[in-house]
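Hi everyone, thanks for coming along. Let me put the sequence and the model up on the screen, and then we can walk through a few features together.

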Amino acid sequence: MLLVVTYSQAARTTLRNICRTHDEVVVRQLGRAALFDETELAAFLALRLREKHDEDVQIEQTQPFNEFAAVPDAVREAAAAYEDRESPATPYSKFASGTDHPSAAEMQRREL
């Protein structure tokens, strides 16, 4: 998908008009940003928007997040266990202490 982010009122207005006129390429509109299908029409509309508003428009190509390929089992299991905890007020650091779950500091240091 293409992520189109706008940084000015004029660019946002044009993006909103594009989304209204070409809803067939819009996957989701998020205020000052929109996700477009990965089609030539979507690329044309995004590039046209950038031509019109220059640096007020950022275009990024996104990839779907495959948690089973990108995230270690221990992190997925920790997330599931933490969401299933008995006390919702327990902070993660306390929850993970004394368990096999990785600490927040360990996860912060590791890149996917």
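Let's begin with residues 1–64: this span is 42% helix and 30% strand, and its end C-alpha atoms lie 8 Å apart. Helices here are DSSP runs of H or I with at least four residues, strands are runs of E with at least two, and both are numbered from the N terminus. Before I go on, please keep in mind that this is a predicted model, where local features need pLDDT of at least 70 and side-chain atom pairs count only at pLDDT 80 or more, while totals for chains, interfaces and linings use all residues. Residues are numbered from 1 along each chain as its sequence is written, and side-chain values use heavy atoms, with hydrogens and water left out.

Now the other span, residues 66–112: here the chain is 55% helix and 0% strand, with 11 Å between the end C-alpha atoms. Both ranges come from UniProt, where an unreviewed entry lists 1–64 and 66–112 as "domain: DUF7855"; the positions are in the numbering used here, feature names are shortened, and annotations may be inferred rather than shown by experiment.

There is also a division into domain 1 (1–59) and domain 2 (68–101), with bounds from an automatic or database domain assignment. Taken over C-alpha atoms, the centres of domain 1 and domain 2 are 37 Å apart.

On to the helix pair. How do α1 and α2 pack? Helix α1 (residues 9–21) meets helix α2 (residues 40–53) at an angle of about 155°, with 10 Å between the axes. That makes the two helices roughly antiparallel, a label for angles over 145 degrees. The axes are lines fitted to C-alpha atoms over the stretch in contact, and angles run from 0 to 180 degrees between N-to-C directions.

Which residues make the contact? From α1 there are A10, A11, T14, L15 and I18, and from α2 L45, L49, K52 and H53, where contact means heavy atoms within 4.5 Å.

D54 sits in the loop between α2 and β4 (57–61), and D54 has a positive phi of about 50° although it is not a glycine. V26 belongs to strand β2 (residues 26–30). Setting aside neighbours within four places in sequence, V26 touches C19, L35 and F36.

Terms used. Angles under 35 degrees count as roughly parallel, over 145 as roughly antiparallel, 65 to 115 as roughly perpendicular and the rest as oblique.
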